[in-house]
Amino acid sequence: MTEIRTEEIEFSADGLRLAGVLRVPAGATGRAVALTGPFTGVKEQVTGDYAARLAAAGIITLAFDHRGFGGSEGRRCHEDSQGKLADLRAAVSTLAARSEVDSERIGMVGVCLGGGYAVRAAAVDPRVRAVAGIAGGYNSPAWFSRQLGDEAYRGALRGFLDGYDEFLPAVAPEGGEAAMGGEEPWSYYGTDRSRAPGWENRVTRGSLHSLMTFDALGAAPLLGSVPLLVVHGTEDAYCSPELARALHEQTPGLAEIVWLDCHQHVDLYDVEPHVSRAVEATAEFLHRTL
């Protein structure tokens with residue numbers, strides 16, 4: 001088993017203190033990745049698990065809490081798309097400054113909504129040399145508008161703006177109102193599967209406006225020189241396989257896609273053998289491209 005040195009660190013973005021965990025495997029060759037994860041997620045949940053597993057595969061990892069979540073500073077439980085991209089730039093800078101890291105071998109890994117953030121961040125940060133999305137949410141406002149119809153889409157945005165500062169539950173049981181509605185999100189966040197001291201079951205309504213207007217898919221044409229790996233479940237009611245396929249097809253450079261026989265989005269959070277297969281594919285990709 002690979003010996004891994006774990007270090008709690010702090011770094012800053014836009015003057016905000018962010019809390020992270022750096023994992024350095026024995027014999028690491030300088031390859032390193034910053035991880036970003038699900039909507040409302042904290043570093044003790046999905047990103048922490050993937051970070052530990054990738055470190056066991058020989059890759060230096062940095063999992064951290066984005067602004068407003070977990071142990072980091074910032075407006076509480078508010079999704080700030082541009083702020084999260086700034087957090088990722090700061091995470092790359094933090095890795096590049098570490099003596100254990102080769103600054104020319106830094107990548108990014110995103111899970112769920114983090115997949116979209118990782119792709120958008122990698123598209124505009126030349127320091128990022130490879131990017132992988134796992135069960136990624138490759139949001140596209142144009143796609144949302146087509147799916148809902150323009151009137152319904154704009155009506156939803158109006159509702160989010162009217163209640164911008166109000167909080168609602170992140171998840172709720174038995175069909176209750178929530179930012180992530182339905183029994184599947186509750187089966188993870190509402191149970192011991194996701195237990196973490198820094199996670200809060202609330203988010204602003206304005207966060208949903210941020211989600212519905214964030215364009216990750218539009219970054220695809222900018223990835224010509226950034227190797228891309230997409231790992232996605234064949235069935236996913238929360239992060240569209242159609243958008244995962246579109247990202248893969250619209251990326252002009254090296255782009256690979258791995259389909260896993262998952263039946264739920266959260267299968268790629270903590271269910272075996274899906275997570276192990278995702279980690280294996282991602283680690284192999286990173287060793288090859290970084």
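Two strands are said to pair if DSSP finds at least two bridges between them. The exercises below apply this to a predicted model.

**Exercise 1. Which strands pair with β5, and in what sense?**

Solution. Begin with β3, which is paired with β5 in the parallel sense over five bridges; within this pairing, Ala34 stands opposite Met108 of β5. Then turn to strand β6 (residues 128-134), which also pairs with β5 in the parallel sense, over five bridges. Here the bridge partner of Val111 is Ile134 in β6.

**Exercise 2. Decide how many residues of β5 are buried, and describe its two faces.**

Solution. Start from the general rule that in a regular strand the side chains alternate between the two faces of the sheet. In strand β5 (residues 106-111), Ile106, Met108 and Gly110 lie on one side, while Gly107, Val109 and Val111 lie on the other. The next step needs a cut-off, since a residue counts as buried under 20% relative accessible area.

**Exercise 3. Describe the surroundings of strand β2 and find its partners.**

Solution. First consider burial: eight of the ten residues of strand β2 (residues 16-25) are buried, so β2 is largely enclosed by the rest of the structure. Next, look for partners. Strand β1 (residues 4-13) runs antiparallel to β2 and is joined to it by ten bridges, with Thr6 standing opposite Arg23 of β2. The hairpin of β1 and β2 has two residues between the strands, and in this hairpin Asp14 takes a positive phi near 55°. Finally, β2 pairs with strand β4 (residues 60-64) in the antiparallel sense over four bridges, and the bridge partner of Val21 is Ala63 in β4.

**Exercise 4. Work out how helices α1 and α10 pack, and which residues meet.**

Solution. Two packed helices are described by the angle between their axes and the distance between the axes. Helix α1 (residues 46-56) and helix α10 (residues 274-289) pack at an angle of about 55°, and their axes are 10 Å apart. The angle classes have to be consulted next: those under 35 degrees count as roughly parallel, over 145 as roughly antiparallel, 65 to 115 as roughly perpendicular and the rest as oblique. The two helices α1 and α10 are therefore oblique to each other. As for handedness, α1 passes α10 in a right-handed crossing. The residues that meet are Asp49, Tyr50, Arg53 and Leu54 from α1, and Val275, Ser276, Ala278, Val279, Thr282 and Ala283 from α10. Sorted by class, this contact of α1 with α10 has six nonpolar, two polar and two charged residues.

**Exercise 5. Is Gln45 buried or exposed, and what does it contact?**

Solution. Gln45 is located in the loop between β3 (32-36) and α1. Its relative accessible area is 6%, and Gln45 is therefore buried. When neighbours within four places in sequence are left aside, Gln45 is in contact with Tyr188, Tyr189, Ser194, Ala196 and Trp199.

**Exercise 6. Which residues of helix α4 are buried, and against which helices do they pack?**

Solution. In helix α4 (residues 141-148) the buried residues are Pro141, Trp143, Phe144 and Ser145. These buried residues of α4 pack against α5 (150-162), α7 (205-213) and α8 (241-250). Just after α4 comes Gly149, which takes a positive phi of about 95°.

**Exercise 7. Examine the backbone at Cys77, Ala135 and Pro273.**

Solution. Cys77, in the loop between β4 and α2 (81-96), has a phi near 55°, a positive value in a residue other than glycine. With a relative accessible area of 1%, Cys77 is buried. Ala135, found in the loop between β6 and α4, has a positive phi near 50°, and at 0% relative accessibility Ala135 counts as buried. Pro273 lies in the loop between α9 (267-270) and α10, and the peptide bond from Glu272 to Pro273 is cis, with omega near 5°.

Methods
Residues are numbered from 1 along each chain as its sequence is written. This is a predicted model: local features need pLDDT of at least 70, side-chain atom pairs count only at pLDDT 80 or more; totals for chains, interfaces and linings use all residues. Side-chain values use heavy atoms; hydrogens and water are left out. Axes are lines fitted to C-alpha atoms, for helices over the stretch in contact, and angles run from 0 to 180 degrees between N-to-C directions. A crossing is left-handed if the near helix is turned anticlockwise from the far one by less than a right angle, and right-handed if clockwise. Contact means heavy atoms within 4.5 Å. Ala, Val, Leu, Ile, Met, Phe, Trp, Tyr, Cys and Pro count as nonpolar, Asp, Glu, Lys and Arg as charged, and the others, Gly among them, as polar. Buried means under 20% relative accessible area, exposed over 50%, partly exposed in between (1.4 Å probe, protein chains only).
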